[in-house]
Amino acid sequence: MQKGAGKGFIGPIGDDLPSLIPLIFSLVIFFATFNQTLVIYRSTASRFELVLDALRISNALRGDKYINDFQEFKQLCNSVNPIGLFFKAGLVDLNEDYKPIDIYKFVNENEGIYRSGDNLFVCPAKLDEKITPDSLVMVNMLPVAYQDTEVASGLAVRPMLLVVVVWR
């Protein structure tokens with residue numbers, strides 16, 4: 001029999017095994033918590049980045065909050081070129097029978113978007129990408145004034161809502 005080896009002696013690691021189990025367990029908990037924190041941080045950072053992108057697009061489209069005609073709206077739309085995300089913006093008339101906007105129908109079917117003559121106030125005019133239920137979506141609704149020259153009196157200023165939808 002070896003010196004120091006007696007009853008119950010398993011070996012140098014075997015004797016330390018009861019103290020190693022809590023240490024390994026605590027390391028697993030630490031790294032799992034660290035990983036989960038990193039996942040939440042990345043998700044929050046992605047949403048925050050989408051909010052910033054939506055604000056940039058909204059401010060570019062809003063301009064001075066007064067839209068003179070369809071050509072000015074089209075010009076504002078052409079000035080926005082986001083990279084890596086999709087967006088749709090449109091003017092919605094704020095009249096007496098205003099109803100809440102269904103964002104999915106707004107984006108996918110142009111529902112509720114203001115039309116003046118042949119002009120549909122939507123940006124971009126043609127959009128191939130649709131919103132899906134798992135899309136990360138940000139919506140901004142900003143008040144603007146639209147100078148309508150197609151009324152009987154020749155000039156009217158309409159209160160409108162600029163709706164900007166940004167998604168990934």
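## Ser-135 and its surroundings

Leaving aside residues up to four places away in sequence, Ser-135 touches Trp-167 and Arg-168. The model discussed in this report is predicted. Ser-135 belongs to the loop that runs between strand β5 (122-123) and strand β6 (137-148). A polar contact of 2.9 Å also links the side chain of Ser-135 to that of Thr-132.

Is Ser-135 buried or exposed? Its relative accessibility is 15%, and the limit for a buried residue is under 20%. Ser-135 therefore counts as buried.

## The five-stranded sheet

Five strands make up an open sheet, and their order is β1-β6-β7-β2-β5. The pairing within this sheet is mixed. Strands β1 (66-67) and β5 are at the edges; each has a single partner strand, so one side of each is left without a neighbour in the sheet.

Strands β1 and β6 run parallel and are joined by two bridges. In this pairing, Tyr-66 stands opposite Ala-145 of β6, and Ile-67 stands opposite Tyr-146 of β6. Strands β6 and β7 pair in the antiparallel sense, with twelve bridges between them. Here Met-141 has Val-163 of β7 opposite it.

## Strand β2 within the sheet

Strand β2 comprises residues 86-93. How many of its eight residues are buried? The number is seven, and the strand is accordingly described as mostly covered.

Strand β2 pairs with β7 (residues 156-167) through eight bridges, and these two strands run antiparallel. Lys-88 stands opposite Val-165 in β7. Strand β2 also pairs with β5, again in the antiparallel sense, over two bridges. In that pairing, Val-122 of β5 is the bridge partner of Gly-90.

The model contains four salt bridges. Two that involve Arg-158 are described in this section. One of these joins Arg-158 to Asp-93, with 3.9 Å between the closest N and O atoms. Arg-158 is in strand β7 and Asp-93 is in strand β2, so this pair ties together parts that are 65 residues apart in sequence.

Arg-158 also meets Asp-148 in a salt bridge, at 2.7 Å from N to O. Asp-148 is in strand β6 whereas Arg-158 is in strand β7, so this pair ties together parts that are ten residues apart in sequence.

How accessible are these residues? Arg-158 has a relative accessibility of 25% and counts as partly exposed. Asp-93 is buried, with a relative accessible area of 18%. Asp-148 is also buried, and its relative accessible area is 3%.

## Helix α1: charged residues

Helix α1 spans residues 12-62. Within this helix lie both Arg-56 and Asp-53, three residues apart, which is about one turn of the helix. Arg-56 and Asp-53 form a salt bridge in which the closest N and O atoms are 2.9 Å apart. Asp-53 has a relative accessible area of 16% and is buried.

A network of salt bridges links Asp-53, Arg-56 and Arg-168.

Which residues form the nonpolar patch on the surface? Its members are Leu-17, Leu-20, Ile-21, Leu-23, Ile-24, Leu-27, Val-28, Phe-30, Phe-31, Phe-34, Leu-38 and Tyr-41. Together they have about 1,200 Å² of accessible area.

Leu-27, one of these residues, is found in helix α1. Its relative accessibility is 42%, and Leu-27 therefore counts as partly exposed.

Note on methods
Residues numbered from 1 in each chain as written. Predicted model: local features only at pLDDT ≥ 70, side-chain atom pairs only at ≥ 80, totals over all residues. Heavy atoms only, no water. Helix = DSSP H or I, 4+ residues; strand = E, 2+ residues; numbered from the N terminus. Buried < 20%, exposed > 50% of the residue type's maximum accessible area, 1.4 Å probe, protein only. Polar contact = N/O pair within 3.5 Å; in protein donor to acceptor, adjacent residues only side chain to side chain. Contact = heavy atoms within 4.5 Å. Patch = residues over 30% accessible without salt bridge, like charges linked within 9 Å, V, L, I, M, F, W, Y side chains within 5 Å. Areas by Shrake-Rupley, 256 points an atom, 1.4 Å probe, with all protein chains shown as cover. Salt bridge = Lys/Arg side-chain N within 4 Å of Asp/Glu carboxyl O. Pairing = 2+ DSSP bridges.
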